[in-house]
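Please keep the sequence and the 3D view at hand while reading.

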Amino acid sequence: QVQVAESGGGLVQAGGSLRLSCVASGGGFRHDGVGWYRQAPGIPRARVTYITRDGRTNYVDSVKGRFTISRDDVKNTVYLQMNSLTPEDAGVYYCNHLLGPALLPPASWGQGTQVTVTS
């Protein structure tokens, strides 16, 4: 079973940048899409971006042009480069592999990594 571990979060001023990493164990991501999700207090976890196994990407409108998802299948790692951060980007970020043609995540999640953006 694939397990994920997120890292790279932290405290940053508005306009700053962070790079999140998501490492997979137990088989890696090589055959799966991978998504990054954000959960803020009082708001359900929602997908921000994803990358398919053949490298196609998708972003929600609020992060287009500022966030970039990429993958290194040799390292079993997916990255999320976040630039021009705003307080609205804050939350706990989770990654997960995406299964099947519907690109749905499994039931289990990692611990996530906290992103805090000060104005």
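## Contacts and overall fold

Residues 24 or more positions apart account for 54% of the contacts in the chain with a separation of 6 or more, where contact means heavy atoms within 4.5 Å. This is a predicted model, in which local features need pLDDT of at least 70 and side-chain atom pairs count only at pLDDT 80 or more, while totals for chains, interfaces and linings use all residues. Residues are numbered from 1 along each chain as its sequence is written, and side-chain values use heavy atoms, with hydrogens and water left out.

The chain has zero helices and ten strands, with helices (H or I, at least four residues) and strands (E, at least two) taken as DSSP runs numbered from the N terminus. The radius of gyration, taken over C-alpha atoms, is 13 Å, close to the 14 Å that the globule rule gives for 119 residues, so the chain is as compact as a globular protein of that length; the rule itself is 2.2 Å times the number of residues to the power 0.38. Along its principal axes the C-alpha trace spans about 40 × 25 × 25 Å.

## Burial

Of the 119 residues of the chain, 44% count as buried, a term that means under 20% relative accessible area, as against over 50% for exposed and in between for partly exposed (1.4 Å probe, protein chains only).

## Strand β4 and its partners

Strand β4 (residues 33-39) is largely enclosed by the rest of the structure, because six of its seven residues are buried. Seven bridges join β4 to strand β9 (residues 91-98), and these two strands run antiparallel; two strands are said to pair if DSSP finds at least two bridges between them. Within this pairing, Gly 33 has Leu 98 of β9 as its bridge partner.

β4 also pairs with strand β5 (residues 46-51), in the antiparallel sense and over five bridges, with Tyr 50 of β5 as the bridge partner of Gly 35. The hairpin of β4 and β5 has six residues between the strands, and there Gly 42 takes a positive phi near 75°.

## Tyr 37

Tyr 37 lies in strand β4 and, at 7% relative accessibility, counts as buried. Not counting residues up to four places away in sequence, the residues that Tyr 37 touches include Ala 46 and Val 48, Val 92 and Tyr 94, and also Pro 105 and Trp 109. The C-alpha atoms of Tyr 37 and Thr 116, which are 79 residues apart along the chain, are separated by 15 Å.
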